[in-house]
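Dear colleague,

I am handing over the structure below for your attention.

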There are 2 protein chains.
Amino acid sequence: MSLIERLTDEFARLPGIGRKTALRLTYHLLKVTSQEAHRLADAIVAASENVRPCETCGTFTEVSPCRICTNERRDRSIVCVVEEGPDVGAIEATGEYRGLYHVLGGRLSPLDGVGPAELNVNSLLDRVSGESPVREVVLATNPSVEGEATAMYLHRLLAPLGVRVTRIARGLPVGGDLEYADGVTIAEALQYRRDL
Amino acid sequence: MSLIERLTDEFARLPGIGRKTALRLTYHLLKVTSQEAHRLADAIVAASENVRPCETCGTFTEVSPCRICTNERRDRSIVCVVEEGPDVGAIEATGEYRGLYHVLGGRLSPLDGVGPAELNVNSLLDRVSGESPVREVVLATNPSVEGEATAMYLHRLLAPLGVRVTRIARGLPVGGDLEYADGVTIAEALQYRRDL
């Protein structure tokens, strides 16, 4: 196998990258300077070797426990549960949340062979029933079928521990259009309505 | 800057990869085994260091001159001119062409600052007017505005050298539908019609 085929094969193994895109990426790297190609290769190796899940919350981090878990200025009484690492970044980017996180590493999906044992569920229960007092768990799994099922499952496990369990709101996204929204979303937007 | 941001930035520099896709690729590589991440990094370095343009035709290759240029069983009297390296692969995959290639490395595009000096035009003229007899140059640049302009430009340069200059046919693609084809394509399909 030629080096061009080998690199194309490796790119094509990445999620969402088909063979034609992989070939385009390969030829791009052949055209750029060797330094630029090395920068990408070095960044891959550095991240792969030094980034690990945080021992407390499961977020990918270079230092464990991560900077959010060790930040004394965060509200340690509230834990936001998300499916994947990038969700933490999305919520952090809003600047609206000052609590801690817990990354499940996926969502319940029996068809894909993902059950509770494949997710960081036990570590979540340990955190909630541990010595540091957690008052509220915000379930921020995605508003998909699997995300909802995961939230329902966690709610059943968490409720007996005497912690407040909340779910992020569903409704019309900003810039959305009532006329084109699906019925379920509109119904949820009405249910989640609040006083002004 | 964290290693996650650094790798995401590097992915986002690749063509057609936006920030969200770059973030997804980064998290994918954090989730897979270290060996798998290293395989990609090694493939990038190996290709970047060992693959170079062929000194004769400009195709990316590990040995220069490339395997096509040195293949004694290819028809050395016909040269097919393409824009980019992957085009060679697309034509080779058909198994219908036994001549040589010449890779321009792009197409004329004044708006992007690509003039004749940025393309491998002089080396093409050298090959055609050199000692080994080239009977025909097939212009296989893309059927886009820039590709056509490039073909016209090369035709003007090549015609005085007494070589036969041809252009790949335009017409309806296999599986295409007359009803939905654009007028220009149908008109060209009629012009390029041939006897059965």
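The largest cavity has a volume of about 60 Å³, and the structure, which is a predicted model, holds two cavities of 30 Å³ or more. The lining of the largest cavity draws on both chains: Glu10(A), Arg13(A) and Leu14(A) stand on one side of the list, and His28(B), Leu29(B), Val32(B), Glu36(B) and Leu40(B) on the other. H2 and H3 of chain B are the elements that give two or more residues to this lining. By class, the lining of the largest cavity has four nonpolar residues, one polar residue and three charged residues.

For the second largest cavity, the volume is about 50 Å³. Its lining consists of His28(A), Leu29(A), Glu36(A), Leu40(A), Glu10(B), Arg13(B) and Leu14(B). Here H2 and helix H3 (34-50) of chain A each supply at least two residues. The class counts for the lining of the second largest cavity are three nonpolar, one polar and three charged.

Two of the residues that line the second largest cavity, Arg13(B) and Glu36(A), also meet through their side chains in a salt bridge, at 3.6 Å from N to O. Across the interface of chain B and chain A, six salt bridges are found. Between the two chains there are also 10 residue pairs in polar contact, counted where both residues are at pLDDT 80 or more. On the side of chain B that touches chain A, the elements giving two or more residues are H1, H2, helix H3 (34-50) and H5 of chain B. H3(B) gives the most to that side, with 16 residues. By class, that side of chain B has 23 nonpolar, nine polar and 11 charged residues.

As to the extent of the interface, the contact takes 43 residues from chain A and 43 residues from chain B. The area buried between the chains is about 4300 Å², and carbon and sulfur atoms give 69% of that area. In chain B, the residues that lose the most area to chain A are Leu3(B), Ile44(B) and Phe60(B), which together make up 14% of what that side buries.

The largest pocket has a volume of about 1200 Å³. It is lined by 38 residues, and those closest to its centre are Tyr27(A), Gly85(B), Pro86(B), Asp87(B) and Gly89(B). At least two lining residues come from each of helix H1 (3-12) and helix H2 (19-31) of chain A, and from each of strand E2 (60-61), helix H4 (67-70) and helix H5 (85-94) of chain B. H5(B) gives the most to this lining, with eight residues. By class, the lining of the largest pocket has 12 nonpolar, 12 polar and 14 charged residues.

The second largest pocket has a volume of about 730 Å³. Of the 24 residues that line it, Gly85(A), Gly89(A), Ile4(B), Glu5(B) and Tyr27(B) lie nearest its centre. Strand E2 (60-61), helix H4 (67-70) and helix H5 (85-94) of chain A each supply at least two lining residues, as do helix H1 (3-12) and helix H2 (19-31) of chain B. H5(A) gives the most to the lining of the second largest pocket, with seven residues. This lining divides into 10 nonpolar, seven polar and seven charged residues.

With kind regards

How values were computed. Residues numbered from 1 in each chain as written. Chains lettered and ligands numbered in written order. Predicted model: local features only at pLDDT ≥ 70, side-chain atom pairs only at ≥ 80, totals over all residues. Heavy atoms only, no water. 1 Å grid on protein atoms, 1.4 Å probe; cavity = no way out; pocket = protein on both sides within 12 Å on 5 of 7 lines; lining within 4 Å. Points joined across faces, edges and corners; volume = space filled by probe spheres on them. Helix = DSSP H or I, 4+ residues; strand = E, 2+ residues; numbered from the N terminus. Nonpolar A, V, L, I, M, F, W, Y, C, P; charged D, E, K, R; others polar. Contact = heavy atoms within 4.5 Å. Buried area = accessible area lost by both parts, 1.4 Å probe. Salt bridge = Lys/Arg side-chain N within 4 Å of Asp/Glu carboxyl O. Polar contact = N/O pair within 3.5 Å; in protein donor to acceptor, adjacent residues only side chain to side chain.
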